[in-house]
Amino acid sequence: MQTVSFQLYSARNFQPFAEVFRILGDAGYKEVEGYGALYASLDDAAIQQVKADLDKNGLTMPTAHFGLDMIEGEPDRVIEICRTLGIEAVYCPYLLPEHRPTDAAGWHAFGARLQKAGEPLRKAGLVFGWHNHDFEFFALPDGSVPQDHIFAGGPDLTWEADIAWVIRGGADPFAWIQKYGSRISAVHVKDIAPKGEATDEDGWSDVGHGTVAWGDLAKALAGTPAKHFIVEHDNPKDITRLATRSIATIKAF
């Protein structure tokens with residue numbers, strides 16, 4: 001985990017991103033991860049400016065989130081943005097509650113949908129996978145869980161494992177790392193505050209200042225192909241605090 005990335009969604013309330021990039025560069029980050037709203041509506045000139053601002057601060061963007069609607073509807077545009085920003089791996093990050101299947105067959109079909117959506121990206125030489133939240137680990141009526149069915153339906157999907165969301169989904173992250181470790185190409189490194197704390201930050205914590213056993217998890221993840229370890233916090237009050245304290249924890253693993 002010595003090359004640490006930062007999910008820019010965590011900084012959405014602290015724009016402009018040119019200043020965020022300066023904070024991250026000063027804190028010692030070398031990578032960032034993009035998210036859909038950062039570039040989906042930008043024209044070519046604005047995307048080139050994002051690249052220039054990254055370069056200025058010694059940052060690269062090897063991974064990024066794109067919404068499924070854009071991946072399916074504008075794959076050539078996704079690939080073009082990836083080429084401009086140097087993105088090597090694309091992860092589909094979410095499925096709205098009203099679009100989520102309710103049974104095993106539906107989730108298997110969703111995995112197949114992701115498999116098909118990723119074909120143009122894989123043909124372009126990009127890594128493509130799924131980023132989990134908690135709902136993929138909630139038991140279905142038959143006792144199975146969506147995450148298994150997504151991977152069964154999408155045999156070529158890689159996994160950006162968001163460990164804290166696995167825990168919030170009531171699952172054992174060590175068991176899931178053991179089960180699907182060969183699919184893990186990136187990891188979201190985030191932490192959960194002790195119960196009743198940080199309620200104004202949605203119960204999340206800076207890495208190393210919460211309840212997630214990151215020291216042990218780092219050892220478990222060392223046996224996977226994961227290349228990117230990405231700090232995230234869904235609602236931080238202080239972006240500099242988050243960036244500096246989290247990277248200090250990770251560098252100490």
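In this report, Ala, Val, Leu, Ile, Met, Phe, Trp, Tyr, Cys and Pro count as nonpolar, Asp, Glu, Lys and Arg as charged, and the others, Gly among them, as polar. The model described here is a predicted one.

**The largest pocket**

The largest pocket has a volume of about 540 Å³. Its lining consists of 20 residues, and the closest to the pocket centre are Gly 67, Pro 93, Tyr 94, Leu 95 and His 133. By class, the lining of the largest pocket holds 9 nonpolar, 7 polar and 4 charged residues.

**Helix pairs**

| Helix pair | Axis distance | Angle |
|---|---|---|
| α6 (residues 104-117) and α8 (residues 146-153) | within 7 Å | roughly 45 degrees |
| α10 (residues 173-180) and α11 (residues 214-221) | 10 Å | about 10 degrees |
| α3 (residues 44-56) and α5 (residues 75-85) | within 9 Å | roughly 35 degrees |

The axes of α6 and α8 cross at roughly 45 degrees, and these two helices are therefore oblique to each other. The crossing of α6 and α8 is right-handed. On the α6 side, the contact is made by Ala 104, Trp 107, His 108, Phe 110, Gly 111, Ala 112, Leu 114 and Gln 115. On the α8 side, Pro 146, His 149, Ile 150, Ala 152 and Gly 153 take part. The contact of α6 with α8 comprises 8 nonpolar and 5 polar residues, with no charged residues.

Helices α10 and α11 pack at an angle of about 10 degrees. Angles under 35 degrees count as roughly parallel, so α10 is roughly parallel to α11. Pro 173, Phe 174 and Ile 177 of α10 form the contact with Asp 216, Leu 217, Ala 220 and Leu 221 of α11. In this contact of α10 with α11 there are 6 nonpolar residues, no polar residues and 1 charged residue.

The axes of α3 and α5 come within 9 Å, and the crossing of these two helices is right-handed. From α3, the residues Asp 44, Ile 47, Gln 48, Val 50 and Lys 51 meet Arg 77, Glu 80, Ile 81, Thr 84 and Leu 85 from α5. The contact of α3 with α5 divides into 4 nonpolar, 2 polar and 4 charged residues.

Most residues other than glycine have a negative phi, and most peptide bonds are trans. Two places in the model are set against that background.

One is Pro 16, in the loop between β1 (4-6) and α1 (17-27). The peptide bond from Gln 15 to Pro 16 is cis, and its omega is near 15 degrees.

The other is Ala 198, in the loop between β8 (191-192) and β9 (204-205). Ala 198 is not a glycine, yet its phi is positive, at about 55 degrees.

Technical notes
Residues are numbered from 1 along each chain as its sequence is written. This is a predicted model: local features need pLDDT of at least 70, side-chain atom pairs count only at pLDDT 80 or more; totals for chains, interfaces and linings use all residues. Side-chain values use heavy atoms; hydrogens and water are left out. On a 1 Å grid over the protein atoms alone, a cavity is a set of points where a 1.4 Å probe fits but cannot get out, and a pocket is an open set with protein on both sides within 12 Å along at least five of seven lines; lining residues have an atom within 4 Å of a point. Grid points are joined across faces, edges and corners, and a volume is the space filled by probe spheres set on the points. Axes are lines fitted to C-alpha atoms, for helices over the stretch in contact, and angles run from 0 to 180 degrees between N-to-C directions. Helices (H or I, at least four residues) and strands (E, at least two) are DSSP runs, numbered from the N terminus. Angles under 35 degrees count as roughly parallel, over 145 as roughly antiparallel, 65 to 115 as roughly perpendicular and the rest as oblique. A crossing is left-handed if the near helix is turned anticlockwise from the far one by less than a right angle, and right-handed if clockwise. Contact means heavy atoms within 4.5 Å.
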